[in-house]
Amino acid sequence: MRVVVVGGDARAHVLAHVLSRSADDVVVSGGNAGTPNAVASPPEELDGDLFVISPEKPLVAGLADRLRAQGKRVYGPGVDGARLEGSKGWMKQLVAKAGVPTAQHATFSDAALALDFLRTMKPPFVVKTDGLADGKGVLVTESLIEAEDDVKAKLAGASFGEAGRTVVIEEGMAGPELSVLAVCDGHRAVLLSPAQDFKRAYEGDNGPNTGGMGAYSPVPIAGDDLLGVVMDRFVEPTLAALRAEGIDYRGTLYGGLMLTPDGLKLVEYNVRFGDPEAQVVLPRLSSDLVDLLATAADGALSDHEPTFISDAAVCVVGATPGYPESPRTGAVIDSLDAIDDVPGTVVFCAGVDRDSEGRLVTAGGRVLSIVGFGPTIATARDRAYEGVRRVGFAGMQYRNDIAAAAAKEETDT
């Protein structure tokens, strides 16, 4: 089978890495300079037995529909289902109909109404762009003044352009976060191993929100009972609500969840594998990813239940200086081959290009995902950070506390 992966992010790199275990051939349409088998040709011009779309933007723009119209087998929702991520306001309306537990919220395009509602809320205040903002359109703050300024800037188009001209304001929730990825065929879904990611730029969960600075899997708090709740109260009602809207959702349903004192609640839905969650979940698969995604694309998951190795995985993201507000690019990336000297470690590339001398250089905010594997979270974490010390570039920004609490709890027990 020939598989075409679409995307230039680290998630596309790891998809290609895992799919190549069983596929005869894997090419990456629009892949970055650090991704093997990357081609510049758009997916519409390529032949393949399965097309897997990695990032959210082409899904929201209707790429899956265009490929299906060409008769191609596609894993990824059409433009109608991709509204789950393309419009947070629409997503909130849908999950309300489905009875999915989520934060108290309201959607606004009028600044005066938005500010009036905001002032009725208690801190922490949460303000989100309705549209896509590369994972950076969320403000969580204890300051009412900061939240008010953020609402004004978003609605005026000053901070996120058209993506922010509608905002969702919601109550702040507290508790451990959990990322759950469901593979869906329109009627049925199966869960992958859960992960926990780290959105804030700086250690201690400080600083601005980012696309993700690291992740680990599995998550000790997410046992079979909790995952049963995820299926019963979140995934299946959401799929039913999509079907009621006439939407045949074939692709990944990413649930960002929070275990609050009042129980599990939805933070957000995304319509693709998480990044960096994919980097720690997909390599742990012991079953066939090609078969899983192809049968989902065919609407025929049947009894496919993915299986995973027992080893843990920890991902540390290396980002450019100034990320996420003003990433400074163009730095030469030290030899990626050095990762081969660290057992149980691999690196996936995102914002990577080549300069005029043919050297790999930084070309985006998040550049490298360094992933360590091991029999424990602590071992996987040690290997990931050893990998960080071996590869990188001048000024590489990363967090030193990825999976630190989970590793400590593991040791304490």
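Predicted model: local features only at pLDDT ≥ 70, side-chain atom pairs only at ≥ 80, totals over all residues.
Strand S7 points Phe 125, Val 127 and Thr 129 one way, and Val 126 and Lys 128 the other way. Both sets are buried.

What lies beside S7? On one hand there is strand S8 (residues 138–141), joined to S7 by four bridges in an antiparallel run. Val 127 has Leu 139 as its bridge partner in S8. Strand S9 (residues 167–171) also pairs with S7, again in the antiparallel sense, over five bridges. Here Thr 129 stands opposite Val 167. Strands of a sheet pair through backbone hydrogen bonds, either parallel or antiparallel.

Now widen the view to the sheet. Four strands make an open sheet in the order S6-S9-S7-S8, with antiparallel pairing. Strand S6 (105–108) and S8 stand at the edges. Each has a single partner strand, so one side of each is left without a neighbour in the sheet. Neighbouring strands are turned by 15° against each other on average, direction ignored.

Two helices pack on this sheet. Helix H5 (residues 88–98) touches S6, S7 and S9, and its direction makes about 50° with that of S9. Helix H7 (residues 144–155) touches S6, S7, S8 and S9. The direction of H7 makes about 10° with that of S7.

A second open sheet has five strands. Their order is S12-S15-S18-S22-S19, with antiparallel pairing. Which strands stand at its edges? They are S12 (196–197) and S19 (345–349). Each has a single partner strand, so one side of each lacks a neighbour in the sheet. Further in, S15 (residues 214–217) and S18 (residues 312–319) run antiparallel and are joined by four bridges. Across this pair, Ala 215 has Cys 315 in S18 as its bridge partner. Helix H11 (residues 377–390) packs on the sheet and touches S15, S18, S19 and strand S22 (366–374). The direction of H11 makes about 140° with that of S22.

A disulfide is a covalent bond between the sulfur atoms of two cysteines. The cut-off used here is 2.5 Å between sulfur atoms. Cys 349 is likewise in no disulfide, its nearest cysteine sulfur being that of Cys 315. By this rule the count is zero disulfides. Are these two cysteines buried or exposed? Cys 315 has 0% relative accessibility and counts as buried. Cys 349, at 1%, counts as buried too.

Next, turn to helix H1 (residues 10–19). Nine of its ten residues are buried, so the helix is largely enclosed by the rest of the structure. The buried residues are Ala 10, Arg 11, Ala 12, His 13, Val 14, Leu 15, Ala 16, Val 18 and Leu 19. An α-helix has 3.6 residues a turn, so residues three or four places apart point the same way.

Burial is found in a loop as well. Pro 77 sits in the loop between strand S5 (74–75) and helix H4 (83–86). It counts as buried, because its relative accessibility is 1%. What does Pro 77 touch, leaving aside its neighbours within four places in sequence? Its contacts are Leu 59, Ala 64, Arg 68, Ala 82, Tyr 249, Arg 250, Gly 251 and Val 271. Pro 77 and Gly 62 are 15 residues apart in sequence. In space they are 8.6 Å apart, C-alpha to C-alpha.

How many cavities of 30 Å³ or more does the structure hold? It holds one. The largest cavity contains about 40 Å³ of space. Its lining is made of Val 180, Ala 182, Val 230, Phe 234, Val 235, Leu 253, Gly 255, Leu 257 and Tyr 269.

Conventions
Residues numbered from 1 in each chain as written. Heavy atoms only, no water. Buried < 20%, exposed > 50% of the residue type's maximum accessible area, 1.4 Å probe, protein only. Pairing = 2+ DSSP bridges. Contact = heavy atoms within 4.5 Å. Axes fitted to C-alpha atoms, helices over the stretch in contact; angles between N-to-C directions. 1 Å grid on protein atoms, 1.4 Å probe; cavity = no way out; pocket = protein on both sides within 12 Å on 5 of 7 lines; lining within 4 Å. Points joined across faces, edges and corners; volume = space filled by probe spheres on them.
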